[in-house]
Amino acid sequence: MIYLDNAATTAACDSAISALGKYAGEAFFNPSAGYAPALEVRSALDKAAEEFADLLGAEKSEIIFTSCATESNNYAFECGIKNKKGNVVVSAGEHASVYESAMRLKSRGVDVRFAPLSEKGNVTEEGLKTVVDKNTAFVSLIHVSNETGVINDISSLSRVVRSIAPGAVVHSDGVQAFCKTDVRVHELGVDLYSVSAHKVGGLKGVGALYARRGFNMKPFIVGGGQQNGRRSGTENVGGIIGFVLAAKEYKNRAETFDPHKLRNIFIEKFSDIPWIKINGTAENSGYILSVSFENLRGEIIAHMAEERGVLIGLGSACSTHVKANRVLESMGISGAFSGGSVRISFSPSNTADEASVAADVIFSAAKQLKEKING
Amino acid sequence: MDNVVILRYSEIHLKGKNRAFFENILKKNIIAKLNGIDCRAEFSYGRYVICDYKQADENRIVTKLRQVFGLFSLSIAKRATAEPASIFEAAKDVAPKSGTFRVTVNRADKTLPYTSVSLSAEIGGRLLEYNNKLEVDLHNPDSVVYIDVRDNRTSYVYSESVPCAGGMPVGSAGRGLTLLSGGIDSPVSTYMMAKRGLKLTALHFWSYPYTSMEARGKVLELAKILSDYTGEIKVLVVPFTKVQEAIHKYAESNYMITLVRRAMMRIAERVAERYRCGCIINGEDLGQVASQTLESINVTNSVVKSIPVFRPLIGFDKIDIIETAQKIGTFDVSVKPYEDCCTVFLPDSPVTKPTIRRAEKNESAIPDYEELISEAVDNIEVFVLPER
């Protein structure tokens, strides 16, 4: 089996699994308790938080661990908006957790605006300027698109926001960027930044939100006052420590891994075929490739590839069954292509050989389907 | 004095000499439904009682029994002796706390030293003395306290009747083969025919990779919900891809759906024979879509020669079907957005008035048509719900 749906989730690494076992078993103690074994757990957790902050180019006090990036994004929207009378800007290419958070605000009467995507799949400074104004209170822009892998230049874009609306809060969903591109949050110029564990070899059920020092982040979940009162609930110690170990390992492996090499194998295979289109030609993380097949259904191609031992995705797993692909359509891709899109996503565990086999499998599946449909 | 659940059956009382046949199936279904709950079922003429259960299980018993076809209604009752003092103790618990009421007595045991009228007067009088917020109204009371004195010096006192599923006991009308697509309609047609006493086997056409594993999972989930009413249900999944591909390749595109449905009916008839089903059931509803016009139904129906095809929803409005689907709990699963095989290779303009002649001509253009149908029947995958 060749697994190429790493943007949906990755296999947890051994160290993350061991950490979970360790902190559920021998070191099960509550890190908020006062006895010695619990203090040891607390100190392991503190050390992990410090290392994690290092990975993001942040400080330990700026990290809040959550249950997933969806929680981080919801937290940002629920508690990160300071000027309740201002407008909110999100890009048209956001993950469902940001899009739905924005739509919820809209249903409450907030002026929500969508920054357009270019044909290349990114948010441009010009596009952003059409929706941000001095009354903009909150801006959320995805760092790397979960659909296409296209990178948004967050530091330039946040500068644009601040030049027009100095008081605006800037959030970025960094789930597909963390450990895959060089993320230094202070240089990105954001106030809030969301990441997830299970996209980088950690376990499901763990995420984090970076909140810039000095940014007053009120709690979304209240209770026992853990994490300096910003996110109550006994910490998922094994999950968090496993997250940090996994992220470190992933980042190390990513340094010697060239996802573009694998991605290009597909691009070469599919190029010059008029009924196949690569979506998003702007700068790419290399970890995600969105391909569309004209007048075919992506779901069927994915099933056919599965039968031949290749697992791929259909855009964001959260929207697999939504017929229209919101993000691709906002890039101006026609319905004939957007309905036939698949998402191929890599991890450092994938090899060029796997990519070659998978490219052949996907191409032959699509060709076969096209022949069948055309009779 | 303990709590019991009194059950009343529906149409069975209209039966004559074969009444025992229906009653025996109903009793068996009741016992099967309560399997796993510590309780006892007492079956006497015209009156079934569930007793000796733990109080904590009472709601579960009621919920389960409300899904048994053949039961008309049930009541949670207090069981007392035939002595007025004992009956009054029970009536105290059952009677309302305030408002108007009456007492209605049914006395099966004619040897007792009181009549129905005198007992109702006595219990009503005592209840008035006991609670001064109560008033008697014989004609239009807010509540009625029913006292049912049986032959065995036992009486049951209750106030409310809860409606049950009605219909006839599952299994009393034989076995049918129901086509289950995963949409809103077919679970409802399945439910309706189970209600008329059919034991059901379900048939699902699966077109992987054109439809997903999830689409099949959805059908199994629907079957599991239906099994609350039908009892254990076998789901036969037919690999339908090759048949559909062949039809798509060789037939006129506007006849695609007609031919697919004729193939489904052919397969269904053979499966029905193999699994000893005496009829085919589908969820067609006249005029709902192109394949459900009178002409289309005629053309698809014409391939079935040996058994009847029942279409319990034929005269229903969609809104009524949705209402039933919501009531039986299948709607939320049915609307999950997984494609079913009917949407594969969908033509832009399907024929609404097909003819048998043209359908046959199209079929004759498909090489190895007969083999494809047989291959589909031979490769059926069987699932049994609920899983044991």
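Ser292(A) stands opposite Ser341(A) in strand S12 of chain A. Strands here are DSSP runs of type E with at least two residues and helices are runs of type H or I with at least four, both numbered from the N terminus. The model is predicted, with local features requiring pLDDT of at least 70 and side-chain atom pairs pLDDT 80 or more, while totals for chains, interfaces and linings use all residues. Residues are numbered from 1 along each chain as its sequence is written, chains are lettered from A and ligands numbered from 1 in the order in which they are written, and side-chain values use heavy atoms, without hydrogens and water.

**Sheet in chain A**

Strands S9, S10 and S12 of chain A form an open, antiparallel sheet in the order S9-S10-S12; two strands pair if DSSP finds at least two bridges between them. S10(A) and S12(A) are joined by five bridges.

| Strand | Residues | Note |
|---|---|---|
| S9(A) | 276-279 | edge strand |
| S10(A) | 288-293 | pairs with S12(A) |
| S12(A) | 341-345 | edge strand |

Neighbouring strands of this sheet are turned by 25 degrees against each other on average, direction ignored. Helix H9 (residues 259-270) of chain A packs on the sheet and touches S9, S10 and S12 of chain A, its direction making about 20 degrees with that of S10(A). Axes are lines fitted to C-alpha atoms, for helices over the stretch in contact, and angles run from 0 to 180 degrees between N-to-C directions.

Contact means heavy atoms within 4.5 Å; beyond four places in sequence, Phe243(A) touches residues including Phe52(A), Phe65(A), Phe178(A) and Val195(A).

Buried means under 20% relative accessible area, with a 1.4 Å probe and protein chains only. Glu71(A), Tyr75(A) and Phe77(A) are among the buried residues of H3(A).

**Second largest pocket**

The second largest pocket has a volume of about 590 Å³. Of its 24 lining residues, the closest to the centre are Asn29(B), Ala32(B), Lys33(B), Gly231(B) and Glu232(B). On a 1 Å grid over the protein atoms alone, a pocket is an open set of points where a 1.4 Å probe fits, with protein on both sides within 12 Å along at least five of seven lines, and lining residues have an atom within 4 Å of a point. Volume is the space filled by probe spheres set on the points, which are joined across faces, edges and corners. H1(B) supplies the largest share of the lining, five residues.

Note on methods. Buried means under 20% relative accessible area, exposed over 50%, partly exposed in between (1.4 Å probe, protein chains only).
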